[in-house]
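The entries follow in the order I made them.

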Amino acid sequence: MSKVLIVAEHHDGKLNAATAKCVSAAQALKPEAIEIVVLAADPAAVAAQAAQIAGCTRVLAVANPANAQPIAQVLAPQVAKLAVGYSHVFGPSTTFGKDLMPCVAALLGVAQVSDVMKVEGTHTFLRPIYAGNALLTVEAPSDVSVVATIRTASWPAAGGGGSAAVDAVSVDAALPTHTRFVALKAGKSDRPDLQSASRVVSGGRAFGSADNFKILYSLADKLGAGVGASRAAVDAGYVPNDMQVGQTGKIISPELYIAIGISGAIQHLTGIKDAGTIVAINKDGDAPIFEIADIGLVGDLFKLVPEFEAAL
Ligand SMILES: Cc1cc2nc3c(=O)[nH]c(=O)nc-3n(C[C@H](O)[C@H](O)[C@H](O)COP(=O)(O)OP(=O)(O)OC[C@H]3O[C@@H](n4cnc5c(N)ncnc54)[C@H](O)[C@@H]3O)c2cc1C
C-alpha cells in the first residue's frame with residue numbers, strides 16, 4: 001500500500017491551495033495514508049489549516065526558526081529525512097515545488113517525476129512534454145520513494161471538513177548555511193492572485209506600452225479578474241514577469257480566460273490548457289489563438305475592450 005507525504009506550501013500563515021490539489025493527486029493512488037508536512041518557524045496556524053483538508057490523515061508540524069523562509073536548500077534535507085517510510089513524496093508544481101522537490105529527489109538519489117497530471121498506477125504517471133503538445137506516460141521504479149511534482153492546474157483542490165491529527169515532529173538534519181534569505185521583493189496587488197483566480201484577463205504585445213495596459217486592468221477590475229500577460233509583453237517591459245502565463249510563466253486553470261492581443265503561440269497555450277471558457281480578441285482572424293478559443297472577437301482591441309467593459 002502507498003503512503004504519501006505532501007510538502008505544504010504556505011506564506012504568511014496561510015496554506016496555499018496547491019497543497020489541497022496535491023492531496024487530490026495523492027488520493028488517486030488510493031493510499032493507506034496521506035500526510036502533510038508543514039515546515040515553518042511556527043507551523044501551528046498552517047498545520048491547523050492542513051488538518052482540515054479532506055483525505056489528509058495526519059499533519060507533521062516541523063517548527064524551526066531556519067524554516068521561516070521557504071529556502072529549498074534548507075527545507076530539502078528535512079524533507080529527505082522525513083521521507084523514510086513513505087512510498088511517495090509530493091510537492092506542487094509551483095515555483096515553490098519546482099525549487100524544492102528536485103533538491104529532495106537529489107538527496108534521496110532518485111529521479112523526480114515532474115508535472116504529474118494523471119495517476120495511472122502507483123508508479124505510472126501521465127505528464128505533459130513539448131510545452132504540452134504531447135503527453136508522456138512515465139514509470140518510476142517501485143523499489144524507491146517516488147518524488148513528484150503535481151501539476152496543480154490538472155487537479156481540483158480536495159475539499160475541507162477534515163480533522164486530521166497534528167503531530168509536532170523534530171527532524172535531525174544538517175542544514176546548510178551557504179544559502180541564506182536576504183530579502184523578499186514582491187509586487188503588491190489587490191487583484192485576485194493569477195494562479196488561483198477563477199477569471200483571468202491577459203494582454204499581449206499588441207498593447208504596445210505599459211500605459212496602454214491600463215485598459216486591461218480596468219476591464220479586469222470590472223470582472224473581478226486576475227491579470228496575466230504573454231511573454232512578449234513581459235519582455236517588452238509592459239508588465240512585471242510574475243504576470244507571465246505559459247510554459248516559462250504560470251500554468252493556470254481559470255474558469256474564464258480572456259486573451260487580448262495575444263497570438264496564441266504554443267508556449268503561451270501550454271499555460272492555459274486547463275482553462276474553462278477561452279475568449280480571444282485579436283485583429284487577425286487567422287491568429288492561432290482562435291483555434292482554441294470558445295468565443296472569438298476579431299477587431300482592434302483599443303476599440304473592443306472599452307466597448308466590452310462598457311457593456312458589463
Ligand atoms: C522556450 C520558450 C518559452 C516561451 N515561454 C513563453 C511563455 O511562458 N508565455 C508566452 O506567452 N510566450 C512564451 N514564449 C514566447 C512565444 O513563443 C511568443 O513569442 C509569445 O507568446 C508571443 O506573445 P504575443 O502573443 O503577445 O505577441 P505576438 O506573437 O507578437 O502577437 C501579438 C498579437 O496581437 C495581435 N494584435 C496586434 N495589434 C492588435 C490590436 N490593435 N488589436 C487586437 N489584436 C492585435 C496580432 O494580430 C497578434 O496576433 C516562449 C518562447 C520560447 C522559445
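**Largest cavity**

I looked up the largest cavity and found about 40 Å³ of space in it. The model is predicted, so I kept in mind that local features need pLDDT of at least 70 and side-chain atom pairs pLDDT 80 or more, while totals for chains, interfaces and linings use all residues. Residues are numbered from 1 along each chain as its sequence is written, and side-chain values use heavy atoms, without hydrogens and water.

A cavity here is a set of points, on a 1 Å grid over the protein atoms alone, where a 1.4 Å probe fits but cannot get out; lining residues have an atom within 4 Å of a point. A volume is the space filled by probe spheres set on the points, which are joined across faces, edges and corners.

I searched the whole structure and got one cavity of 30 Å³ or more. I noted S93, K98, D115, R151, T152, A153 and I251 as the lining of the largest cavity. By class, this lining has three charged, two polar and two nonpolar residues.

**Ligand**

Which residues are closest to the ligand? I listed R205, S230, T248, S263 and N282, out of 25 residues that surround the ligand (one heavy atom within 4 Å). The shell around the ligand holds 13 polar, seven nonpolar and five charged residues. For these classes, Asp, Glu, Lys and Arg are charged; Ala, Val, Leu, Ile, Met, Phe, Trp, Tyr, Cys and Pro are nonpolar; the others, Gly among them, are polar.

I then checked individual atom pairs. A side-chain N or O atom of R205 is 2.6 Å from an oxygen atom of the ligand. For H268, a polar side-chain atom lies 2.9 Å from a ligand oxygen atom. D300 has a side-chain N or O atom 2.9 Å from a nitrogen atom of the ligand. On its own the ligand has 990 Å² of accessible area, and the protein covers 75% of that (Shrake-Rupley method, 1.4 Å probe).

**Pocket**

Where does the ligand sit? I found the ligand in the second largest pocket, as more than half of its atoms lie within 2 Å of the grid points. A pocket is an open set with protein on both sides within 12 Å along at least five of seven lines.

I recorded a volume of about 400 Å³ for the second largest pocket. Its lining has 24 residues, and R205, S230, G261, I262 and S263 are the closest to its centre.

Note on methods: Polar contact = N/O pair within 3.5 Å; in protein donor to acceptor, adjacent residues only side chain to side chain.
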